[in-house]
Amino acid sequence: MAEPARLDAPGDAPSPLDALPRIAARRAPAPADFAAIVAAETPVVLKGLFDDWVALAAGRASPGRLIAYLAGMDRGVPVPVMEAPARAGGRFAYRADMREFTFTRRHAPLREALARIEALTGREGAPTAAIQMLPLAEAMPDFAVQNPMPLLPAGTGPKLWLGGAVKTQTHNDRDHNLACLIAGGRRFLLFPPEQVANLYVGPLDNPPPLSLVDPEAPDYERFPRFRKAMAAARVALLEPGDALFLPRYWWHHVTSRDPFNAMVNYWWGGSDAPYDAFLAALLALKDLPPGARTYWRAMVETHVFGDPGTSAGHIPEGLRGALGAMRPDERAVLRRRLAAAFQT
């Protein structure tokens, strides 16, 4: 397989997104220092974190070398493949009606999927195909042995993202994300979690919720608040060997800057409980009359997001109940009460 040309090669018009403020970069941290990075909940690019990976050496050599390396670890597990027609321009996003996506999903044998991606790479007018979110612990258990990531909690398995020039629409994750680039270049356009109102996110019941705005060609007449999101945006331009720590809930739009790209990522530290609570709030609070909405907004701001010392400091500690630091048995009682309430 010939080495494909970079999509933003010299002579191409540079993207305005590349000129946005950059995410800070630093050398690979020790485990204790990485814990502090995670606790800070700020994106950071990490250099030299996985220089000894066999997969990185293969990816730096050529797309064909990496494909052969991965195919050699095939255990016969079907892999998830997403494919978008040529007219989509590589965008994995909603269709106009927001009921369907611009891409199809299927499962295929690993070698078949790799061969199709290789055949389509760099071909003008071709569809865009990609292996997405492949759990390597199941499909290629030897991968984690040959390409270890000691910074993360035990049991945090790698996932593979490999394919053509994909543009993944702005979305976020409920987990922390460590994205390790092993082939090609990728641009991560990042928005802080609080920008959700300015991103024009699509339906929650067609996950993952995606922004409707194309940040490479934003329609400011249709999406005027997106200007505020762009004012808060940051960018990370990754090359093979770079890793990006992306805290949970940060919105990100990901563009493959080469016709062939490969990345391994790790998700950890998330929980479905906050999202479940959010859905419960939509069910219980959203349609209340104005006075009740004002009351419950104040209750949540005071007792959920406010300072506990201010909101409950006047109550003796042993009497604070759910307003204080709950014991495991108190949490269990509250869970049973909530379960009973939402069964009616």
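Predicted model: local features only at pLDDT ≥ 70, side-chain atom pairs only at ≥ 80, totals over all residues.
**Cores and a surface patch**

Let's start inside. The largest nonpolar core has 49 residues, and those touching the most other members are Trp53, Leu66, Leu70, Met140, Phe143, Met149 and Leu178. In soluble globular proteins, nonpolar side chains tend to be buried together.

Leu204, Phe278 and Leu279 make a nonpolar surface patch of about 230 Å². Leu279 belongs to helix H8, which covers residues 273–284. With a relative accessible area of 35%, Leu279 is partly exposed.

**Salt bridges**

The structure holds 12 salt bridges. Three of them are set out here.

| Pair | N to O distance |
|---|---|
| Arg187 and Asp18 | 3.0 Å |
| Arg174 and Asp272 | 3.0 Å |
| Arg327 and Glu330 | 3.4 Å |

Take the salt bridge between Arg187 and Asp18. Arg187 sits in strand S10 (residues 186–191) and Asp18 in the segment before strand S1 (25–27), so the pair ties together parts that are 169 residues apart in sequence. Both partners count as buried, Arg187 at 4% relative accessibility and Asp18 at 16%. These two residues also belong to a network of salt bridges that links Asp18, Lys167, Arg187 and Glu216.

The side chains of Arg174 and Asp272 also meet in a salt bridge. This pair links distant parts of the chain, 98 residues apart: Arg174 is in the loop between strand S8 (167–171) and strand S9 (176–183), and Asp272 is in the loop between strand S14 (261–268) and H8. Arg174 is partly exposed at 34% relative accessibility, and Asp272 is partly exposed with a relative accessible area of 47%.

In the last pair of the table, Arg327 is partly exposed at 46% relative accessibility, while Glu330 is partly exposed with a relative accessible area of 23%.

**Two positive phi angles**

Most residues other than glycine have a negative phi. Glu41, however, has a positive phi near 55 degrees. Glu41 is placed in the loop between helix H1 (31–40) and strand S2 (44–47), and is partly exposed at 41% relative accessibility. Met133 has a positive phi near 60 degrees. Met133 lies within strand S6 (residues 128–135), and its relative accessible area of 41% makes Met133 partly exposed.

Notes: Residues numbered from 1 in each chain as written. Heavy atoms only, no water. Core = buried A, V, L, I, M, F, W, Y, C linked by side-chain atoms within 4.5 Å. Buried < 20%, exposed > 50% of the residue type's maximum accessible area, 1.4 Å probe, protein only. Patch = residues over 30% accessible without salt bridge, like charges linked within 9 Å, V, L, I, M, F, W, Y side chains within 5 Å. Areas by Shrake-Rupley, 256 points an atom, 1.4 Å probe, with all protein chains shown as cover. Salt bridge = Lys/Arg side-chain N within 4 Å of Asp/Glu carboxyl O. Helix = DSSP H or I, 4+ residues; strand = E, 2+ residues; numbered from the N terminus.
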